[in-house]
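Visitor: I'd like to learn how to read the packing in a model like this one. Could you walk me through it?

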Amino acid sequence: MAMARLDNTQARRLFMDRHALLESPSGGSKGADLLQLISRLGFVQLDSINTVARAHDMILYSRRPSYRPKHLTDLYHGGGALFEHWTHDAAMIPLAYYPQWHLRFQRDEDLLRKRWRNWRRDGFEQQFERVLTHIRDHGPVSSSDLGKDEKKSSGGWWDWHPSKTALEYLWRTGALTVIGRSGFQKRYDLTERVIEEAFHAPADQLDPGQTVDWLCNNALDRLGFATPGELAAFWDTASNAEARSWCQEAKARGEIEEIEIAATDGSLRKCFARPGVIEQAEELGPAPGRMRVLSPFDPMLRDRKRAERLFGFHYRIEVFTPAPKRQYGYYVFPLIEGQKMVGRIDMKADRAADCLRVTGLWPERRVTFTPARIKRLEAELERVARFSGVKSVAFADGWLREPI
């Protein structure tokens, strides 16, 4: 019997639908509505770079144009509906998912201790009790409140003193919880004072199998279709081997089935999906034609290889690439129109000049920026400018480039 198949158009629509990009960008953007959106996505990745707006804010704005950063802050600081922790990177996660993070805490205890020892975080383990006692006695702290007399490690992202490393370790392993940020600096408190007791689980009651089942089920529901490796990578807690075993067992129970997914180049890839997903995809209509600026960390593009297979869009962020070696720019934003990736744009909010400066736009191959498409682009950039807090858009000479 031939394997069921999603053609490329259906696969794009299903994937976009699961990432809240198939519908028109509209709807409530605060409180319960915002929490529902984040729950639908699973989490929202945090990033500190603010050339136009921070990544998490751009992700939410692209789906809810009435969203403003204060709405996330209110939900996080005041509502207690989210917690900050790690998936493949730092992220805002619905608090209801907190019980599923105990396995992550446990696994990071040994992993990070060994890894950070190898990275020469000299003395951080000796700071654990001192840091916990200080917070217990004096309340929440940031890294600048501790370790003022300690020597920092050498350079780069890891310019940390031992107490800062201890704070991060205690947070990553569950003893501390981040309760908010000042600027972009975390503030930590004892988890027992922040997270409801009902969400805690003694180590001897942890059931890794139950957690892996939750992780794989919830990853699949948000991806629509996936390989075991993609399921494992979504939350980045279950191993590839655990995800493969879960797929085999779930398939045997009839909970999932194998289907083929067509890529833009016509190649086929076997994935797992829920029974009936083909029919669901066939019922989905096209995406709205409005052009949208996406964050480089948008969940739809987070898996760069999947984005390339489904959309023919090869994207690599060049923040860490030396300027002379960059193809495009420091922080270039993907552009989507309907269900098609149409280009990438290098721009920055110049708040001193009160304008959004567009340095360059590179169309994708076989995409022409006609006057009508440029008009849609200008409308979107005007919206983004308002969101970033500036009044106008300024295009540099020669801003419309040739595809690379």
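Visitor: Which strands does helix 14 lie across?

Guide: Helix 14 (residues 371-388) lies across strand 9, strand 10 (332-337), strand 11 (340-350), strand 12 and strand 13, at about 40° to strand 9. Helices (H or I, at least four residues) and strands (E, at least two) are DSSP runs, numbered from the N terminus; axes are lines fitted to C-alpha atoms, for helices over the stretch in contact, and angles run from 0 to 180 degrees between N-to-C directions. Contact means heavy atoms within 4.5 Å. Mind that this is a predicted model: local features need pLDDT of at least 70, side-chain atom pairs count only at pLDDT 80 or more, and totals for chains, interfaces and linings use all residues. Residues are numbered from 1 along each chain as its sequence is written, and side-chain values use heavy atoms, leaving out hydrogens and water.

Visitor: What is the strand order in the open sheet?

Guide: Strands of a sheet pair through backbone hydrogen bonds, either parallel or antiparallel. Here the order is 9-10-11-12-13, with mixed pairing (two strands pair if DSSP finds at least two bridges between them). Strand 9 (291-293) and strand 13 (392-395) are the edges, each pairing on one side only. From one strand to the next, the twist averages 35°. Strand 12 (residues 355-363) pairs with strand 13 in the parallel sense over four bridges; cysteine 355 has serine 392 as its bridge partner.

Visitor: How do helix 1 and helix 13 pack?

Guide: Helix 1 (residues 8-18) and helix 13 (residues 304-311) pack at about 135°, their axes 9 Å apart. They are therefore oblique to each other: angles under 35 degrees count as roughly parallel, over 145 as roughly antiparallel, 65 to 115 as roughly perpendicular and the rest as oblique.
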